[in-house]
Amino acid sequence: MNTDILISATELNTQSAIDQIMSPDSGGIDVFIGTVRNATKGKAVLRLEFEAYEPMAIAEMEKIAKQAFEQWPVQKILIHHRTGVLEVGEIPVIIAVSAAHRAAAFDACRYIIDTLKQTVPIWKKEIFEDGEIWVAAHP
């Protein structure tokens, strides 16, 4: 398994992630970049605050990558997630998958982000103009 799993309090770099996932064997690279949007359910978002139970989150992300390698003929998987305070427009998550063919890259990437949302212990606090609320990181 060729994986790059990271939880970081520093800014995630999309170009670096793409560079890490590329290889001469890869005919397809699929990248999901999650960004902090300016509104949720019609309410203006000022910022998000992410927290993770890091040892368990890393273990779960590794498990998800392993499952993706078992289900699709992919070559590399990158899963990076940010913690801390993020402003509108910043990037909390990057998922990148390379494969010989695009279908495997697309399918594995969607599986990884969808499963991450359901199982990885990462939480976010949404800060609105009129208050705040803790929610699962990827509802």
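**View 1. Strands E2 and E7 run side by side in the antiparallel sense.** In this predicted model, seven bridges hold the pairing of E2, residues 28-34, with E7. To find your place in the pair, look for glycine 28, which stands opposite alanine 99 of E7.

**View 2. E7 also pairs with strand E5.** E5 covers residues 74-82, and its pairing with E7 is again antiparallel, over seven bridges. A handy landmark here is leucine 78, sitting opposite alanine 96 of E7.

**View 3. Strand E7 is mostly covered.** The strand spans residues 93-99, and seven of its seven residues are buried. Which side chains go which way? Val93, Ile95, Val97 and Ala99 point one way, while Ile94, Ala96 and Ser98 point the other, and all of them are buried. Side chains in a regular strand alternate between the two faces of the sheet.

View 4. Along the sequence they come in the order β-α-β-β-β-α-β-β-β-α-β-β. Of the contacts between residues at least 6 apart in sequence, 74% join residues at least 24 apart. Buried residues account for 44% of the 139 in the protein.

**View 5. Overall size and surface of the protein.** The C-alpha atoms fill a box of roughly 50 × 25 × 25 Å along the principal axes. The accessible surface is about 7,400 Å², and carbon and sulfur atoms own 50% of that. As for charge, the mean positions of the 13 positive and 19 negative charges lie 5 Å apart.

Definitions and conventions. Residues numbered from 1 in each chain as written. Predicted model: local features only at pLDDT ≥ 70, side-chain atom pairs only at ≥ 80, totals over all residues. Heavy atoms only, no water. Helix = DSSP H or I, 4+ residues; strand = E, 2+ residues; numbered from the N terminus. Buried < 20%, exposed > 50% of the residue type's maximum accessible area, 1.4 Å probe, protein only. Contact = heavy atoms within 4.5 Å. Areas by Shrake-Rupley, 256 points an atom, 1.4 Å probe, with all protein chains shown as cover. Lys, Arg positive; Asp, Glu negative; His and termini not counted. Charge placed at Lys NZ, Arg CZ, Asp CG, Glu CD. Pairing = 2+ DSSP bridges.
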